[in-house]
Amino acid sequence: MAAPTLQQQSFLLVNLKADSGTKTLLQRCQDLVKIIDEYPAKELHLIFPWLVESVFGSLDGVVSGWNLRLLHSRTTEFHVVLEFLNPSGPMMKLVYKLQAEEYKYELPVSYLPGPVKACIQEGVLPDCPLFHNKLQLPPGQLTMNLALNPFEFFLFNFAFCLITPKIYPQGQHGSSTDSAYFVLVDTYLKYFLPVEGSVPPSPFSDPRGSVAAPSPRSSGVSFAGYGVHSPSLLKHHIFHQSSANADPAAQEIWRTEALLQMCVEIWLHHYSLEMYQRMQSPQVKLALLQHRLSMSSMPCRPHVPPGSGTLHTYQVLSPFHSPPPLWGLVEEPFNPTEEHVLVVRLLVKHLHAFSNSQKLEQLASAHSHAHASPLEEFKRVVVKRFVQQKLHLFLQHCFGHWPLDASFRAVLETWLSYIQPWRYTGEKINQQPEQNRTVADKWESFVQENLLIYTKLFQVFLNRAVRTDLVNVRNALMVFRVAKVFSQPNLAEMIQKGEQLFLEPEHVLHHRQPRGNPTPSQGGSYLSPRQRVMTDMVFRVKSHVYALEGQDCQYKQMFGAELRGEVMKLIQIIAQARHTAKKISDHASEAAANTSFLSWFGMGAADLNNTFSGAEPEESGECLRKTHEFLDRALENLCQIFKLTQGQLTQLVSNLGSSQDDGSSRQLPDCVQGEDGLVLTDLGRRQIINGLRRFDIRYQGDPELQPIRSYESALLVRLLYRISVLLNERFGGHMNALCSRPGFLGRLGRHYLTDPDSGSGRRQGPATRRPLREPRLSLRPLGSYRTILLLLLLYALGALLCFGPLSSTLLILTGVFLHGLLMTLFGDKLKTR
């Protein structure tokens, strides 16, 4: 009876694969809905891996799937995909249907994030329930696999889809927040981590739909994992409850926990192996040492039979093959995209809202979580146990490796979203303006438990800020955003108090209370309630810092003297950028005022290559005014954070003003004279990066070959260029002879036939020298629309004065000749004035 079943299953899979190349996405989804409803789980089991790959793409990126990251609301397939992949849609119904039958699906360990993979190859299991009792070695293979249930297998592919390298079609990118993938992430988070109410039950209430409980850990086995927490995030793991007495709500929490663990492990668990080793707990290091000593003392390593089954969860694993040592592994390249960071920010914002939605009665007492519902208990621990450590490392990597451009805004806002959980409480605060809202005292514990995420990342951002061009409005906005967040009333005081707690020496716990207080043998305590609270606060801060930086960390105070000096340096750079922005704005205003209607008649500055050196959209007009405003407010906020007086700020700005150079030659960046021209020094490079000084950039190529401007006729420019080339080839010798003459005729010829800037003594850019060009005729000015308009007006004026076309042409040529004659006679005198 097995043969017909296999044939029918194979026939179903073959038909689906054939339809995938001929039918539209809507037709395929309609067929899949019927198949999921009509076929039993036994027959759907074989098509499930192929279906998941066809939706999310293959893990190696070869199969693109449905391209969820490119589907936007303006496409026809967008709503079809959302309906099919909805948490209560057909695809999830298939997952639950297979979940009820306890099917397993293999996933190669090689696709796990680098630190997890390295940990497993070293013979130690990470302390994450996702990997408990799931590692297997298939018969005849040398690589391990994870045996995941259908829900976990679906979530892994869904989360991995974000970091899989994709080759996008030309003109498309995946950083939009209205893509189908971004919307699905938001939908899944709201469904499985509800801010209000509970998680909807699965359609299949069969108890077999629950995930098999992992084996409880033996008390005598050393803890092998990343941290020292229990394997579950909940105080009593729901899988350890008996099925008879299990709370139905607790039976549904496993989906919430699985979704969040999968997202965190896949999206955030990427950092260097050096950081991985530094983060290891003492228990893990001891277990690794004992394991390596036992392996080295054995004359021959015992053979593990292939297919020996699932490995024990909490013991040190015996490697199936000789793995390379952890320190010898090549670090995986991890360059998160802007889309990746935006999805992480969405996760952070939702987790804050989810955690802050605890019921008031659960927050009333410190011991209320002992009798809390599973979902409320999950809300209490979710941010600290799930996100804190890995998000800090993720942001630290992004801060250190992200390019110095405006795309860093996505990383910055993710960081600012995490350190402001009070923004996601759901409360309507309209009593105070935003800039005067005080951070409530109840958030002090959060600030202390996340001290490094406030202080260390602020220091890294400070290092980035002094190396960016703050004249650019987008960079100025980022500095303003950080200064505005940290200037919130009461926040700086909380951070400073957290630093003081960390720097406190270890408390001596055996100081007795004054007389009259009960001793510990009488039910009392050696510590007063105030001392106990202080000890708890110190322990909270120290454990957080040591967990992320190690026991031998060198903490750099945010409000210490060293960092205060760096802040002063940033303030000076901000003041310099303000000065530069104002100077550019004044220059642009003067240029706009000088450009009058007369310039259309050839009487204004109308050369092709003397465009303003800072000609970028971010550095003109309204953007420059916004830059000045952002930098002004950033200065105010920084003074508020670090308690700088107005006198100190005025002194810094006045010192900057007195050091500004007024000579035109000294406005250039710091350079040294080289063989080929000016060469920038390190100081000069920094001046350019911060917008303090610039070279007068001009076009150094052939003026005739410059790009066609918007005020020129492309057809005329090309035609006149060909005519000029023919004339210059034929009469080039005569032109050279004329311009080489020393008398008045030579000067007149040089006026018409040479570039007026070619012989200027102005200093050029670094390592550039504009070569002298041979005299030649240039007809390109005749291709300008304003020149054409001017000629038409002159011919119209001649017609009104009863001059014919020939007479008008002679008069125009005479006027041009007389203008050149006057410039030749009196041009030098005019330049010296």
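**Figure 1. The bridge between Gln 136 and Asn 145.** In this predicted model, Gln 136 has a bridge partner in strand E3, namely Asn 145. Strand E2 and strand E3 (residues 145–148) run antiparallel and are joined by two bridges. Two strands pair if DSSP finds at least two bridges between them. Strands (E, at least two residues) and helices (H or I, at least four) are DSSP runs, numbered from the N terminus. The open sheet here has three strands in the order E1-E3-E2, with antiparallel pairing. Strand E1 (105–108) and strand E2 (135–136) are its edge strands, and each pairs on one side only. In a regular strand the side chains alternate between the two faces of the sheet.

**Figure 2. The hairpin of E4 and E5.** Strand E4 (residues 671–674) and strand E5 (residues 677–680) run antiparallel, joined by four bridges. How many residues does the hairpin use to join E4 to E5? The link has two residues. Gly 674 stands opposite Gly 677 in E5. Gln 673 stands opposite Leu 678, also in E5.

**Figure 3. The largest nonpolar core.** A nonpolar core is a set of buried Ala, Val, Leu, Ile, Met, Phe, Trp, Tyr and Cys residues, joined through side-chain atoms within 4.5 Å. Buried means under 20% relative accessible area, exposed over 50%, and partly exposed in between (1.4 Å probe, protein chains only). The largest core has 171 residues. Phe 192 is one of those with the most contacts inside this core, and so are Phe 48 and Trp 267. Contact means heavy atoms within 4.5 Å. In soluble globular proteins, nonpolar side chains tend to be buried together.

**Figure 4. Gln 448 in helix H17.** Helix H17 spans residues 444–449 and includes Gln 448. Is Gln 448 buried or exposed? Gln 448 counts as buried because its relative accessibility is 1%. Not counting residues up to four places away in sequence, Gln 448 touches Gly 498, Leu 501, Met 537, Arg 540, Val 541 and His 544.

**Figure 5. Thr 468 in a loop.** Thr 468 sits in the loop between helix H18 (451–465) and helix H19 (473–486). Thr 468 is buried, because its relative accessible area is 11%. A polar atom of its side chain lies 3.0 Å from the backbone oxygen of Ala 465.

Figure 6. Cys 161 is buried, at 4% relative accessible area. Cys 739 is buried too, at 6%. The structure holds zero disulfides (a disulfide is a pair of cysteine sulfur atoms within 2.5 Å).

**Figure 7. Confidence along the chain.** pLDDT is the predictor's confidence in each residue, from 0 to 100. The chain has a mean pLDDT of 75, and 68% of its residues reach 70 or more. Where is confidence lowest in the chain? Helix H12 (residues 282–297) is lowest, at a mean of 52, and helix H16 (residues 409–418) is highest, at 96. Over residues 661–666, pLDDT stays under 50. Where pLDDT is low, the predicted coordinates should not be read in detail.

**Notes.** Residues are numbered from 1 along each chain as its sequence is written, and side-chain values use heavy atoms, with hydrogens and water left out. In this predicted model local features need pLDDT of at least 70 and side-chain atom pairs count only at pLDDT 80 or more, while totals for chains, interfaces and linings use all residues.

Note on methods: Polar contact = N/O pair within 3.5 Å; in protein donor to acceptor, adjacent residues only side chain to side chain.
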